[in-house]
Protein chains: 2
Amino acid sequence: METVERLIRSTQELLWERGYVGTSPKAIQRAADAGQGSMYHHFTGKAQLARAAIERSGAELREAAEDQFSGSGTATERISGYLERDREVLRGCRIGRLTSDPDVMADPELRQPIDETFTWLRARLAEIVAEGKRNGEYPGSLDPEQTAATIAAVLQGGYVLARAAGSVEPFELAVKGLINLLPEATK
Amino acid sequence: METVERLIRSTQELLWERGYVGTSPKAIQRAADAGQGSMYHHFTGKAQLARAAIERSGAELREAAEDQFSGSGTATERISGYLERDREVLRGCRIGRLTSDPDVMADPELRQPIDETFTWLRARLAEIVAEGKRNGEYPGSLDPEQTAATIAAVLQGGYVLARAAGSVEPFELAVKGLINLLPEATK
């Protein structure tokens, strides 16, 4: 693997594990098996490398989500498939967790790919809810934008509750509770 | 205000603003206007002081929630009141945000008051959902434990989405979407 690629992947892992504040340039170089000169040859510093890593993680998150969204099935089946797919729940969301990091939030260059990822996710979920309405699966009173935000929030909040409990159980309860509240399931 | 109290309150603020990894003993002493000797006279170190601060924040969170939970109104009205009360949304949840902090999660003494706070919150919400079922407000098929986890997750995830967007809008959408999904509102 090329050095740039190793640097990006190592930074993705370290951001997930340690957050931005807790990740030092030295730790990145060690994990990527790259020298200091090599890192600063390819990137101006930790911030630029972190931006590349967050963009990569966002692209991977979107790709995995789209696998579920573009599959076959009713809206509720596709939403459930997305919520219930295999996840490393106790590690939390690679993107969502970064919103707790004050230095990430304070830097528009770092917040932007996070914002874009969730904006995309909410828009895609809203499209699926709107499809469900057109198909008669959901009632006309269901607001796609609101419902999409609720679905994305349950996932992100489920991670928070699971990490607090040191157990995947609250995540699984929250997801099941939401699926049960979706109109099809309560009919 | 006494030194111990100033130390605890300053640590609460710094944990909220900067997280655990990003909060140094020096910063706590500066914010509390307390000397190093004074801090270590009252606490064995940053970890013990952080534990006291997290316990305090958890107690305050429970008190504010109980104000809404024990009020009058239907289950949905009390749940909505809790979700829609005034919050500093863009600062995130003082307790929930700490679950992103690897050093907090790795220390059972620090994770415990976070776990207890969310366990209490989910249990109280489950009681209110169960009341709603007994009153005939909610259908028998509604699972109190699952629904409670969903409600708590929407709140925590709403904070994440709002911080990602740099705007309270996704939080408000997620909350409205959830209230609209609760059985009473969709009848």
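**An annotated region, an interface and two residues**

The UniProt annotation "DNA-binding region", from an unreviewed entry, covers residues 24-43 of chain A. UniProt positions are given in the numbering used here, feature names are shortened, and annotations may be inferred rather than shown by experiment. The span of residues 24-43 of chain A is 75% helix and 0% strand, and its end C-alpha atoms lie 14 Å apart. Helices (H or I, at least four residues) and strands (E, at least two) are DSSP runs, numbered from the N terminus.

This is a predicted model, in which local features need pLDDT of at least 70 and side-chain atom pairs count only at pLDDT 80 or more, while totals for chains, interfaces and linings use all residues. Residues are numbered from 1 along each chain as its sequence is written, chains are lettered from A and ligands numbered from 1 in the order in which they are written, and side-chain values use heavy atoms, with hydrogens and water left out.

Next comes the interface. In chain B, 47 residues are in contact (heavy atoms within 4.5 Å) with 47 residues of chain A. The size of an interface is often given as the accessible area lost when the parts come together. Between chain B and chain A the buried area (lost on being put together, 1.4 Å probe, summed over both) is about 3,800 Å², and carbon and sulfur atoms give 63% of it.

Two salt bridges (a side-chain nitrogen of Lys or Arg within 4 Å of a carboxyl oxygen of Asp or Glu) are counted between chain B and chain A. One of them joins Arg18(A) to Asp103(B), with the closest N and O atoms 3.2 Å apart. On the side of chain B that touches chain A, the elements giving two or more residues are helices H1 (3-18), H6 (102-106), H7 (108-134), H8 (144-165) and H9 (169-181). H8(B) gives the most, with 16 residues.

Ser10(B) is found in helix H1 of chain B. Is Ser10(B) buried or exposed? Ser10(B) counts as buried (under 20% relative accessible area) because its relative accessible area is 10%. Leaving out residues up to four places away in sequence, Ser10(B) touches Ile28(B), Ala31(B) and Ala32(B).

Asp33(B) is in the loop between helix H2 (25-32) and helix H3 (36-42) of chain B. Asp33(B) has a relative accessible area of 66%, so it is exposed, the cut-off being over 50% with a 1.4 Å probe and protein chains only. The C-alpha atoms of Asp33(B) and Asn180(B), 147 residues apart along the chain, are separated by 48 Å.

Terms used: Buried area = accessible area lost by both parts, 1.4 Å probe.
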